Amino acid sequence: MPFHPPDHFNIADHFLDDRIREGLGDRIALRTANGTVTYAALQARANRFANALAEMGVRPEERVLIGLPDVTDFPAALFGALKRGAVGVMVNCFLGEGRIRDLYDYTRASAAVVDAEHAGVFARATRGAHHVPRLLVLGTREGDARVDNSSLHYVNYASHFDDPAIWLFSGGTTGRPKGVIQSHASFANTTECYAKGVLGYTADDITLSVPKLYFGYATGSNLLFPLAAGASAVLFPERCTADELFAQIARHRPTILVNVPTMVNHMVSHPEAQTRDLSCLRLATSAGEPLPVPLHRRWDETFGVELLDGLGTAEMWHIFISNRPGRVRPGTLGTAVPGFEVLLCDDDGREVGPGEVGRMRVRGGSRAHGYWQHPGATRSSFAGAWYISGDMMTRDADGYFTYQGRDDDLLKVSGKWFSPREAEECLLEHPDVGEAAVVGIENEDGLAVPVAFVVPAAGGGPRGVPAAIRAHLGESLESYKHPREVHLLAELPRTHLGKVDRGTLKRSREAKGDRASPGPRGGGRGARNRAGERTP
């Protein structure tokens, strides 16, 4: 059921302090390679951060950048900012100097919490910035003393449920991400509707996430959701690889794995995948980008753990369409999460019928206020209670949604519309293909044609791949859906959130390493870059 908060509502209270009041202070909240952290210890550390931020001059409603790896001080600093009444802005600590400088000026944050390992980049980014935050650098004598010497006690700021709590960033695959302003109420609402209502989080759960905490998908699934249930979350700062993930599973024996399609592929393709023990998992989730049916099938055959694909956006904070335990339909996103209403509409706003492609619009108690300093995008994407997305989908008679791509991804070839995802799934069915992305690129006649970018499977020789792909596509797809070119890549470019960076693919006809190989019909005279594409 949707969550109805009181007027004064602070999610640091809701997700953390309420567990202490319930007598759960001695339960484990966080698990790491260095040991565990109880709810009481996490609360005490968060209180120290709140006091330290106050001493630095941070005021309620000001932004605080959290630029930390996945260590126990990440949630402590985030909750500390929320306790202070400030707004948490979670950023990837591995960003470059220029991007951090842009964030300083864009967010106008009053403070940034970083660690010593990355402090140099954050400090250099202040040069030339129009707005310079105060840095709290952990792992240094001054930074540690500022936190460690602060009081263990803090009275949380009496935020209103509609006050901004956390900024997320839109995960678009073209253009620079926009700051999405989310309220305290949004985070509690999705926790009730999705985490508890669909996934059934309990105090016995242990969560492990592939995405890092700065990504809203992980902020929920691997921090707020388990804390709301009195459960525990595994944190590790290392880069997530299949080997690292298998090691974390063996060490902590989680019950819920928060996954993404790219890592699903790496896990099932691991040479020792069949010997890995995932019996501790009661379910795994997938989100962030489409989960192809062939990949879903390989996961089921390899691990036998139920994998729930779903869809969420920063604008609605988290998942609002999901498959259900015991009712998974591979290739679909599932059905609308209770508490959310999802419609598919044509360009005139009329709802389309079953099986017809329509643009998604959704409403529910987790809708954002809008985009920071993007009034035009806010007006076009937020209409009344609805968020109007660029995601195109179909819905069947049973209410199951199937993703078809972004509105600017669908292609019209030979007068017919089709989704590149169909070609991508066809490519992935071939054993020599590890990963694939298909995008539309204008040819010399100004017409959009499908172009494929392929990462060969492990052991797949580059020389033989293009010919095999041409034959496979010719047997499996209608001719107008054939990619006109196939580029071989060592890896697909990805955005800051790990999604395939289709903007970069569109801008570059020449792939790294190998030259383009013509598709099964030859077709087209080649592709040229679109003019005016922006750099993410």
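Visitor: What covers the buried residues of H11?
Guide: In this predicted model, the cover over the buried residues of H11 includes the helices H9 (242-252), H10 and H13 (420-428), together with the strands S11 (256-259), S12 (283-286) and S13 (307-312). Helices (H or I, at least four residues) and strands (E, at least two) are DSSP runs, numbered from the N terminus. Residues are numbered from 1 along each chain as its sequence is written, local features need pLDDT of at least 70, side-chain atom pairs count only at pLDDT 80 or more, and totals for chains, interfaces and linings use all residues. Side-chain values use heavy atoms, with hydrogens and water left out.

Visitor: And which residues of H11 are buried?
Guide: Helix H11 (residues 293-303) buries Pro294, Leu295, His296, Trp299, Thr302 and Phe303, where buried is under 20% relative accessible area with a 1.4 Å probe, protein chains only. Just after H11, Gly304 has a positive phi of about 65°.

Visitor: Which members of the largest nonpolar core touch the most others?
Guide: Val113, Met267 and Trp299 do, in a core of 111 residues; such a core joins buried Ala, Val, Leu, Ile, Met, Phe, Trp, Tyr and Cys residues through side-chain atoms within 4.5 Å. A second, separate core has 21 residues, including Leu95, Tyr106, Trp167 and Trp372.

Visitor: What does Met267 contact beyond four places in sequence?
Guide: Its contacts (heavy atoms within 4.5 Å) include Trp299 and Phe303, as well as Leu245, Phe246 and Asn259.

Visitor: Where does pLDDT stay under 50?
Guide: That is residues 510-536, for which the model has 67 contacts beyond four places in sequence. Where pLDDT, the predictor's confidence in each residue from 0 to 100, is low, the predicted coordinates should not be read in detail. The chain's mean pLDDT is 90, with 91% of its residues at 70 or more.

Methods:
Buried means under 20% relative accessible area, exposed over 50%, partly exposed in between (1.4 Å probe, protein chains only).
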